[in-house]
Amino acid sequence: MIPAAFEYAKASSVDEAVKLLDRLGEDAKVLAGGHSLIPLMRLRLAQPKALVDINGIKGLDHIEVKGSKLHVGALARHVQIHSSQTVKESLPILAEVAAEVGDNQVRNMGTMGGVIAHGDAAGDYPTLALMLDADIVTNKRTIPARDFFKDIFTTALAANEIVTEVVFPVANGPHKYIKFRRRLFDWAIVGAAAQKVDGHWRVGLTNVGPTPVRAKAVEDALAKGAKPEEAAQHASDGLNPAGDLRASPEYKKHLARVLTKRAIEQAQ
Amino acid sequence: MKHKVAVTINGRKHEHEVEARLLLVHYLRDVVGLTGTHIGCDTSQCGACTIHVDGKAIKSCTMFAVQADGRNLTTIEGLAKEGKLHPIQQAFWDEHGLQCGYCTPGFIMAAAYLLEQNPNPTEDEIRRGLEGNLCRCTGYVNIVKSVQSAAKVMGGASTTAGRSAVTAGGE
């Protein structure tokens, strides 16, 4: 399958990339790891008029702790994130999630910024960013994750705005991410994450709606002393997931409850 | 508009003018003429098109040729040296790690990357390391055996010949 023709430009700095996006207009897309964009282009579900390749921008793949925050550069690849000692020590759930994205070949290409900007509710990083109150930093501003994911594949990013890094809180307490899928390299049919931050549980869900979901009702029940299995019953409160080839809405809600219970119980 | 691509493939330099939309796998097969890299699913799942770019295994159907400009590529054709099969190729032969053979180049390139990262993998680590490659004949048992056998040859008896062959284009 051959993508439709497009104009191609390489940027060597964020400023240059933004200028190119300004010049090329709304139909231009940013090319990072390309592992969501290129498949969409091959299927011609996406036909951007132009691509701005940001892979050559130096210094955008940083992974560092500053104070109580973990900064992950937009071009940090999954393989870097899951093998980073810094991530393993400061936010181990992120390292574990990165190790389960796609397969080796995908992890060698796919990036933090790409996953966040793509805004796929089946992506794993958006769930973590939302439940941990991460900040999405762009060339223009800092956007809290809760204001970032707007709708299906829709984020708060403007056409000429580029994610430069994602800033997570340092959290190395009990945690678990469970990704339910039929094959090892698949997207989650449903995913559930639990992470203790400053003594309080944060709970997030993947692929149960148009955006990632923070399971506040579960968090509140746990805070009031409910057992994991009781609290997890609230995981499907307010959910209205779309059915797909792999799961009906009812089944996804069932999975949300079961996986949430397991994530909390297995967190360590 | 065409773009210049200058790449080193299996130690040899190549330079072409290509359309931006040309996928790397089509560049390798149709422009350079290296047809050992196969197109399987065309949806980034099957891994038949796996090659190494700067020593890292990637799916060449999910990268544009223009992105490879200035990089070092190794394809299945770059593994055998002076008519002698790479230890992983030999192991796939010895252990019958293939049935129809269509997925084999991708599996061998993925296995080469796996053994670079982890020269002595367990069976589970091999299966996980090859998760990005599909064999529609479902010949996984012998594929795993082949990688185990190659790991012994490459790690045990000395030679890093196998490994340096894998990265010859990349270093």
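A pocket is here an open set of points on a 1 Å grid over the protein atoms alone, where a 1.4 Å probe fits, with protein on both sides within 12 Å along at least five of seven lines, and its lining residues have an atom within 4 Å of a point. This is a predicted model, in which local features need pLDDT of at least 70 and side-chain atom pairs count only at pLDDT 80 or more, while totals for chains, interfaces and linings use all residues. Residues are numbered from 1 along each chain as its sequence is written, and side-chain values use heavy atoms, with hydrogens and water left out.

The second largest pocket is lined by 23 residues, and those nearest its centre are A:Asn55, A:Gly56, A:Arg77, B:Asp54 and B:Arg71. Its volume is about 490 Å³, a volume being the space filled by probe spheres set on the points.

Over all chains the structure holds three aromatic pairs, meaning rings of Phe, Tyr and Trp (its six-membered ring) with centres within 6.5 Å, counted as stacked when the planes are under 30 degrees apart, edge-to-face when over 60 and tilted otherwise. Two of them are tabulated.

| Pair | Centre to centre | Angle between planes |
|---|---|---|
| A:Phe148 and A:Phe149 | 5.0 Å | 80° |
| B:Phe107 and B:Tyr140 | 6.2 Å | 65° |

A:Phe148 is buried (under 20% relative accessible area) at 0%, and A:Phe149 is buried at 10%.

Notes: Chains lettered and ligands numbered in written order. Buried < 20%, exposed > 50% of the residue type's maximum accessible area, 1.4 Å probe, protein only.
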